Amino acid sequence: MMRIAEALDAFRPLRGDAIVVPGRGGRYWVELSENARLDVPLGDPAMGGHAGFALGLALAQPSRRVVLFDSEGDILMSLGMLTTIAEQAPANFYHVLLDNEVYATTGGQPVPNAKSIAYDKMALAAGYPRAHAFDDIADVAREIGGILQQPGPVFVALKVYPEVENQPIGQRRRWNTRKREEVVAELRADLLRQG
Amino acid sequence: MNDAQAASLSPETVLRQMKDNGVTDIVWLPDSETNWLYLLMKSEPSLRLVGVSREGHACSIAAGLFAGGKKPMILIQNTGMLESGDSIRGWLLGLNVPVVLMVGYRGWTRHGLTTDTAATYTERFLMAFGLNYYLVESDADASRISAAFAEADKTQRPVVVLVGDEFHGFNR
């Protein structure tokens, strides 16, 4: 297993001008990112939707890589989304799963059948042309550059430690400095301006 | 042309509205009345079709397309809209996505009596979410689709078009 921040940090120097949807890794990514204008930290608008949102971005911006850091709870809630992504097959889409095996924001209860799911094989079965799985940060650091050179959609499953939050939501530290609707409006304006 | 055909909403009319309003992507899940429209959309080069397997997925995809600079439209049935409540809340209303949802109004009847609970809860659902909506029954109502697009652009909110064609809308 690896820490979420370690996985994000392995990706960070390879980011280039990719749009990053940090999903539930957002609170770590905002500390690491050097290009906030291309980050889409939305927190959790509605569970299960990050992959769809990132797919829409990838389809709208085919000349730019879109990298999503998804969670297994989100994926399990919208498994059918994998088939839509596979059918659309955006070559610029990189779907990274941060699998901590639990619902970390609600106290760490395990997701159903947590230890026995092969998400990379699920992605392949849904039609993704390429999928990888890692549980060691050294392997991620060695392979991630090559993976980002592959045409998408690519699925990368990472086993991460559960970093459980037990404080009531209202008492948690607010890591996002922008409202999520502002994040979307600013990104859209920037992308339209850049053509 | 019989009475049913005269009163129906043709797929050509819907496609024209999509094109006139600059729609780039249709995020959709088929319902029982959209086959002819599907064939037309599929042969229209200016449209990309993004099929989903559950209607709530359409909301996050549409939000991403909008964030990326596109103008998506959602095409689903009222049953799927009912299922999509949290996605409409979080991905459309919460992100100020000005998308038009064209929603097949299963169970709708002009006289108001229906045995289909999908229809019973449709408008109640929209009112609960504060979503404005326009009812379209036939080709004569097509301008309401453009009105919905204009309202979405103006308010930066999702707007719904209910297709209340009891003669099986979108079909020939």
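**Figure 1. The loop of chain A that holds A:Glu101.** In this predicted model, A:Glu101 sits in the loop that runs between β3 (93-99) and β4 (102-103) of chain A. Although A:Glu101 is not a glycine, its phi is positive, at about 70 degrees.

Figure 2. B:Gln156 lies in the loop between α8 (143-155) and β6 (159-163) of chain B. The residue counts as exposed because B:Gln156 has 12 C-beta neighbours inside 10 Å, and the limit for an exposed residue is 12 or fewer. For chain B, the mean pLDDT is 91, with 90% of its residues at 70 or more.

Figure 3. The bond that links A:Gly152 to A:Pro153 is cis, and its omega is near -5 degrees. A:Pro153 belongs to the loop that connects α7 (137-149) with β7 (154-159) in chain A.

**Figure 4. The open sheet of chain A.** Five strands of chain A make up an open sheet, in the order β1-β2-β3-β7-β6, and their pairing is parallel. Which strands of chain A are the edge strands? They are β1 (19-21) and β6 (130-134), each of which pairs on one side only. From one strand to the next, the twist averages 15 degrees. Two helices that pack on this sheet can be viewed with it. α3(A) touches β1, β2 and β3 of chain A, and its direction makes about 175 degrees with that of β2(A). Helix α6 (residues 119-126) of chain A touches β3, β6 and β7, and its direction makes about 175 degrees with that of β6(A).

**Figure 5. Strand β2 of chain A and its two pairings.** Strand β2 of chain A covers residues 66-71 and is joined to β3(A) by six bridges, with the two strands running parallel. Across this pairing, A:Asp70 stands opposite A:Leu97 of β3(A). β2(A) also pairs with β1(A), in the parallel sense, over three bridges. Here A:Val21 has A:Leu68 of β2(A) as its bridge partner. β2(A) is mostly covered, with six of its six residues buried. A:Val66, A:Leu68 and A:Asp70 point one way from the strand, while A:Val67, A:Phe69 and A:Ser71 point the other way. The residues on both sides are buried, including A:Asp70 and A:Ser71.

**Figure 6. Helix α3 of chain A.** How many of the residues of α3(A) are buried? The count is 11 of 11, and the helix is described as mostly covered. Among the buried residues are A:His50, A:Gly52, A:Phe53, A:Leu55, A:Leu57 and A:Leu59. The buried set also includes A:Ala51, A:Ala54, A:Ala58 and A:Ala60, as well as A:Gly56.

**Figure 7. The contact between chain A and chain B.** Chain A brings 27 residues into contact with 27 residues of chain B. Which elements of chain A give two or more residues to the side that touches chain B? These are α3 (50-60), α5 (80-88) and α8 (180-194). By class, this side of chain A consists of 14 nonpolar, nine polar and four charged residues. For the complex, the predictor gives an ipTM of 0.96 and a pTM of 0.95.

**Figure 8. Chain A as a whole, for orientation.** Chain A contains eight helices and seven strands. Its radius of gyration is 16 Å, close to the 16 Å that the globule rule gives for 195 residues, so chain A is as compact as a globular protein of that length. Taken along the principal axes, the box filled by its C-alpha atoms is roughly 45 × 40 × 30 Å. Of the 195 residues in chain A, 42% are buried. Among contacts in chain A between residues at least 6 apart in sequence, 75% are between residues at least 24 apart.

Technical notes. Residues are numbered from 1 along each chain as its sequence is written. Chains are lettered from A and ligands numbered from 1 in the order in which they are written. This is a predicted model: local features need pLDDT of at least 70, side-chain atom pairs count only at pLDDT 80 or more; totals for chains, interfaces and linings use all residues. Two residues are in contact if their C-beta atoms, placed from the backbone, lie within 7 Å. Helices (H or I, at least four residues) and strands (E, at least two) are DSSP runs, numbered from the N terminus. Ala, Val, Leu, Ile, Met, Phe, Trp, Tyr, Cys and Pro count as nonpolar, Asp, Glu, Lys and Arg as charged, and the others, Gly among them, as polar. pLDDT is the predictor's confidence in each residue, from 0 to 100. A residue is buried if 20 or more other C-beta atoms lie within 10 Å of its own, exposed if 12 or fewer, and partly exposed in between; C-beta atoms are placed from the backbone. Two strands pair if DSSP finds at least two bridges between them. Axes are lines fitted to C-alpha atoms, for helices over the stretch in contact, and angles run from 0 to 180 degrees between N-to-C directions. The radius of gyration is taken over C-alpha atoms; the globule rule is 2.2 Å times the number of residues to the power 0.38.
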